[in-house]
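Thanks for coming, everyone. Have a look at the model on the screen, and I will walk you through it.

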Amino acid sequence: MVTIHPNLKPWHQSMTSNPQYYSHTTLSPLCTTKPSRISCTASSESNQSSPAGRIKRLVLPQEGRTKLNAYPDRDFYAYPRFVTHVDDGFISTLTNLYRSKLRPDSEVLDLMSSWVSHLPKEVQYKKVVGHGLNAQELAKNPRLDYFFVKDLNQDQKLELESSSFDAVLCTVSVQYLQQPEKVFAEVFRVLRPGGVFIVSFSNRLFYEKAIGAWRDGSAYSRIQLVVQYFQSVEGFTKAEIVKKLPDASGGAAAENKSPFSWFMGLLGLLSGSDPFYAVLAYKNFKPVYETE
């Protein structure tokens with residue numbers, strides 16, 4: 001079951017097809033005012049006439065989905081981690097990417113979020129909804145208007161209206177998804193036509209919680225893996241890749257020099273810049289905006 005939490009202000013849009021999710025929040029009356037707005041039914045009806053959003057093929061074999069730590073993710077994330085998982089250079093690059101790709105007044109869903117926001121501070125968005133596994137972390141995120149807690153490895157269904165977001169973000173977390181094809185299909189469903197899904201990552205991870213296909217991969221293979229996730233869902237545009245690597249004179253480039261440096265880099269114990277990778281694609285089409 002998903003747990004819903006109001007954060008900074010009420011969200012005046014019905015969010016789930018099951019009113020019981022609101023039974024403990026101030027939004028309880030709102031979920032029953034316009035039940036016809038719940039679009040899960042509309043989504044299934046549209047999918048009958050269009051292949052868009054369907055999973056065309058599975059990317060991962062079963063062994064590629066396994067984790068060294070098989071205990072539930074909710075247990076692993078039971079206690080908040082008020083730390084940043086990537087360095088300032090990575091965060092700055094990501095914020096600039098969001099600044100260039102996300103329009104003001106957009107409605108944004110931040111999947112697998114935390115206590116830190118990477119959205120540009122000077123840009124106002126109509127609504128930012130967060131998702132994660134630790135309510136204490138999400139409650140501290142200053143940009144979230146609303147958040148909910150759910151384990152996407154247990155249940156990939158998002159209790160959100162279809163075509164309700166202009167952008168979906170996933171930062172340094174895609175490596176933990178055991179059913180990425182289903183999650184990407186759900187992202188496609190909740191995006192509006194022309195909406196963008198931005199998946200960013202570096203070389204850092206909780207090694208025991210990352211899936212086998214990610215643990216055993218190189219930077220190149222991980223990029224291609226995320227590209228294949230997009231390709232597995234009918235209707236996403238051709239994936240775009242954004243990379244920013246450390247200066248060859250030092251920093252994280254040294255991680256390739258020895259097994260020890262590689263291992264220490266995984267633990268985040270080496271100084272230097274984190275490599276930046278992002279893969280993004282749009283629902284149905286890439287919009288073109290006129291500049292003033």
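**A walk from Thr171**

Thr171 sits in strand β5. Strands here are DSSP runs of E, at least two residues, and helices are runs of H or I, at least four residues, each numbered from the N terminus. Before going on, note that this is a predicted model: local features need pLDDT of at least 70, side-chain atom pairs count only at pLDDT 80 or more, and totals for chains, interfaces and linings use all residues. Residues are numbered from 1 along each chain as its sequence is written, and side-chain values use heavy atoms, with hydrogens and water left out.

Is Thr171 buried or exposed? Thr171 counts as buried, because its relative accessibility is 7%. Buried means under 20% relative accessible area, exposed over 50%, and partly exposed in between, with a 1.4 Å probe and protein chains only.

What does Thr171 touch? Leaving aside neighbours within four places in sequence, Thr171 is in contact with Phe90, Leu94, Tyr98, Leu111, Met112, His118 and Ser200. Contact means heavy atoms within 4.5 Å. Take Leu111: Thr171 and Leu111 are 60 residues apart in sequence, yet 7.7 Å apart in space, C-alpha to C-alpha.

**Past the end of β5**

Next along is Val172, in the loop between β5 and α5. Val172 is not a glycine, but it has a positive phi of about 40 degrees. Val172 is buried, because its relative accessible area is 16%.

Compare Asp105, in the loop between α3 (88-101) and β2. Asp105 has a positive phi too, about 70 degrees, and is not a glycine. Asp105 is exposed, with a relative accessible area of 55%.

**The cores**

Now the largest nonpolar core. It has 46 residues, and Leu109, Val174 and Phe197 touch the most other members. Elements giving two or more residues to this core are β2 (107-111), β4 (146-149), β5 (165-171), α5 (180-190), β6 (191-201), α7 (219-231) and β8 (276-282). By definition, a nonpolar core is a set of buried Ala, Val, Leu, Ile, Met, Phe, Trp, Tyr and Cys residues joined through side-chain atoms within 4.5 Å.

Val174 touches Phe184, Val199, Phe201, Trp214, Val226 and Tyr229, not counting residues up to four places away in sequence. A second, separate core has 25 residues, including Phe90, Tyr98, Ala167 and Ile198.

**Helix α5**

Why is α5 described as largely enclosed by the rest of the structure? Because ten of its eleven residues are buried. Among them are Glu181, Glu186 and Arg189.

Ala185 lies in this helix. Ala185 counts as buried at 12% relative accessibility. Leaving out residues up to four places away, Ala185 touches Gly53, Ile55 and Val233. The C-alpha atoms of Ala185 and Lys157 are separated by 9.5 Å, at 28 residues along the chain.

**Two more places**

Phe76 is in helix α2 (residues 73-76). Phe76 is buried, at 17% relative accessibility. Phe76 and Lys209 are 133 residues apart in sequence and 8.7 Å apart in space, C-alpha to C-alpha.

Leu245 is in the loop between β7 (240-244) and α8 (259-266). Leu245 touches Pro275 and Tyr277, again not counting residues up to four places away in sequence.

**The whole chain**

Finally, the totals. The protein chain has eight helices and eight strands. Buried residues make up 51% of its 292 residues. Of contacts with a separation of 6 or more, 74% join residues 24 or more positions apart.
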